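Good morning. I will go through one protein chain today, and I will give the cut-off for each term as I use it.

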Amino acid sequence: MSNAKTFLTAGATDTEAIQAAIDTGDARVIIPEKTWVVSPIALASNQRLELQGNCRIQADPAFAWASGSCLFRATSKENIQMVGHNAT
């Protein structure tokens, strides 16, 4: 199990912290309660992302979002779950 907060070190962006937790390859990724401001995140196969408490994932307004951009990418991936109670 990986927790994105573990990767939220000095100088790391919210995107980098979540991406680092996903990139561990652990089957379970915890995204704790916080407002996370992110640019696109690449998901991995065979993972469960658990958004805890009032976790909020918000698009980074400073990122150059193009038409068709999305917060999460899962090209050619499978068996991905995103779960959370009260998360947005």
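I start with L49. Not counting residues up to four places away in sequence, L49 touches I22, V29, I31, L43, Q81, M82 and V83. Contact here means heavy atoms within 4.5 Å.

Before going on, a word on what you are looking at. This is a predicted model, in which local features need pLDDT of at least 70 and side-chain atom pairs count only at pLDDT 80 or more, while totals for chains, interfaces and linings use all residues. Residues are numbered from 1 along each chain as its sequence is written, and side-chain values use heavy atoms, with hydrogens and water left out.

Where does L49 belong? L49 is among the residues with the most contacts inside the largest nonpolar core, along with I18, I22, I31, W36 and I57. That core has 16 residues. A nonpolar core is a set of buried Ala, Val, Leu, Ile, Met, Phe, Trp, Tyr and Cys residues joined through side-chain atoms within 4.5 Å. Buried means under 20% relative accessible area, exposed means over 50%, and partly exposed is in between, using a 1.4 Å probe and protein chains only.

Which elements give two or more residues to this core? They are α1 (14–23), β2 (28–31), β3 (35–38) and β5 (47–51). With four residues, α1 gives the most. Helices (H or I, at least four residues) and strands (E, at least two) are DSSP runs, numbered from the N terminus.

**The whole chain**

Buried residues make up 30% of the 88. Of the contacts with a separation of 6 or more, 48% are between residues 24 or more positions apart.

**Charged pairs**

Side chains of opposite charge can pair when their charged atoms come close. How many salt bridges does the structure hold? There are three, a salt bridge being a side-chain nitrogen of Lys or Arg within 4 Å of a carboxyl oxygen of Asp or Glu.

One joins K34 and D14, with the closest N and O atoms 3.4 Å apart. This pair links distant parts of the chain, 20 residues apart: K34 is in the loop between β2 and β3, and D14 is in helix α1. K34 is partly exposed because its relative accessible area is 29%, whereas D14 counts as buried at 12%.

Another joins E50 and R28, at 2.8 Å from N to O. E50 sits in strand β5 and R28 in strand β2, 22 residues apart. E50 also forms a salt bridge with R48, at 3.0 Å between the closest N and O atoms. Through shared partners, R28, R48 and E50 are joined into one network. Is E50 buried or exposed? With a relative accessible area of 12%, E50 is buried. R28, at 37%, is partly exposed, and R48, at 33%, is partly exposed as well.

**One last residue**

S2 lies in strand β1 (residues 2–3) and counts as buried because its relative accessibility is 5%. The side chain of S2 makes a polar contact with the side chain of D26, at 2.5 Å. A polar contact is a pair of N or O atoms within 3.5 Å; within protein, one must be able to donate a hydrogen and the other to accept it, and residues adjacent in sequence count only if both atoms are side-chain atoms.
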